[in-house]
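Hello,

Here is the structure I promised to pass on to you. Please have a look at it first, and then read my notes below.

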Amino acid sequence: MASIKQFQITFDCAEPERVARFWCEVLGYVVPPPPQGFATWDDFDRALPPERQGSASACIDPSGVGPRLFFQRVPEGKVVKNRLHLDVRVGIGLVGEERLAALEAECARLVALGAVRVRLLLADGFDESCLVMQDIEGNEFCLD
């Protein structure tokens, strides 16, 4: 049986390119090069049937270590909490006030990009503090 070596995380969304660019900024990811034979993603998009134009986007870790993120347009809006979310690890190894300061600084940066701060979950003796947030289309994620 083959072992899985790579995976991507797929987001359902209304505006794939906009959400992809948001996550590029959050994670330091980049938009991958367009498919072979196309100078730009706009050229590729114009080659699609009208109903498929603007229907997908992606971003990748420039170091090749992190998973690819894929964003696909869906007709329905988000109505309930995500069953899966990303933990953006900004406070690794930090505790107490030092951790809170790192979380708050990153929260301020992401809010400026359009994210929404939902709530701070303070350390409880088992888990360290984290911040629950939403991306520009309301998908939950945590600053951890």
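Helices (H or I, at least four residues) and strands (E, at least two) are taken here as DSSP runs, numbered from the N terminus. This is a predicted model, in which local features need pLDDT of at least 70 and side-chain atom pairs count only at pLDDT 80 or more, while totals for chains, interfaces and linings use all residues. Residues are numbered from 1 along each chain as its sequence is written, and side-chain values use heavy atoms, with hydrogens and water left out.

Let me begin with the aromatic rings. Rings of Phe, Tyr and Trp (its six-membered ring) are called a pair if their centres lie within 6.5 Å; planes under 30 degrees apart count as stacked, over 60 as edge-to-face and the rest as tilted. By this rule there are six aromatic pairs. In one of them, Phe11 and Trp23 have ring centres 5.7 Å apart and planes at 40 degrees, so this pair is tilted. Phe11 belongs to strand E1 (residues 8-13) and Trp23 to helix H1 (residues 16-27), so the pair ties together parts that are 12 residues apart in sequence. Both Phe11 and Trp23 are buried (buried means under 20% relative accessible area, exposed over 50%, partly exposed in between, with a 1.4 Å probe and protein chains only). Ring pairs also link Phe11, Phe22, Trp23, Phe71 and Phe141 into a cluster.

Another pair sits in helix H2 (residues 41-46), where Trp41 and Phe44 are three residues apart, about one turn of the helix. What are the relative accessible areas of Trp41 and Phe44? Trp41 is partly exposed at 34%, and Phe44 is partly exposed at 25%.

Next comes helix H1. Its buried residues are Pro16, Val19, Ala20, Phe22, Trp23, Cys24 and Val26. They pack against E1, strand E2 (56-59), strand E3 (68-73), E4, H3 and E7, where a contact means heavy atoms within 4.5 Å. After H1 comes Gly28, which has a positive phi near 75 degrees.

Now to a sheet. It is open, has four strands in the order E4-E7-E6-E5, and its pairing is mixed; two strands pair if DSSP finds at least two bridges between them. Strand E4 (86-88) and strand E5 (116-121) each have a single partner strand, so one side of each is left without a neighbour in the sheet. E4 runs parallel to strand E7 (residues 140-143), joined by three bridges, and Val88 has Leu143 as its bridge partner in E7.

The other pairings are antiparallel: E5 with E6 over five bridges, and E6 with E7 over four bridges. Leu121 stands opposite Cys130 in E6, and Gln134 stands opposite Glu140 in E7. E6 and E7 form a hairpin with five residues between them, and Gly138 in the turn has a positive phi of about 90 degrees. Four of the five residues of E6 are buried.

Lastly, there is one residue to look up. Where does Arg99 lie? Arg99 is in helix H3 (residues 96-112). Is Arg99 buried or exposed? Arg99 is buried, with a relative accessible area of 4%. Leaving aside residues up to four places away in sequence, Arg99 touches Gly91, Ile92, Leu94, Glu128, Ser129 and Asp144.

Enjoy exploring the model!

Best wishes
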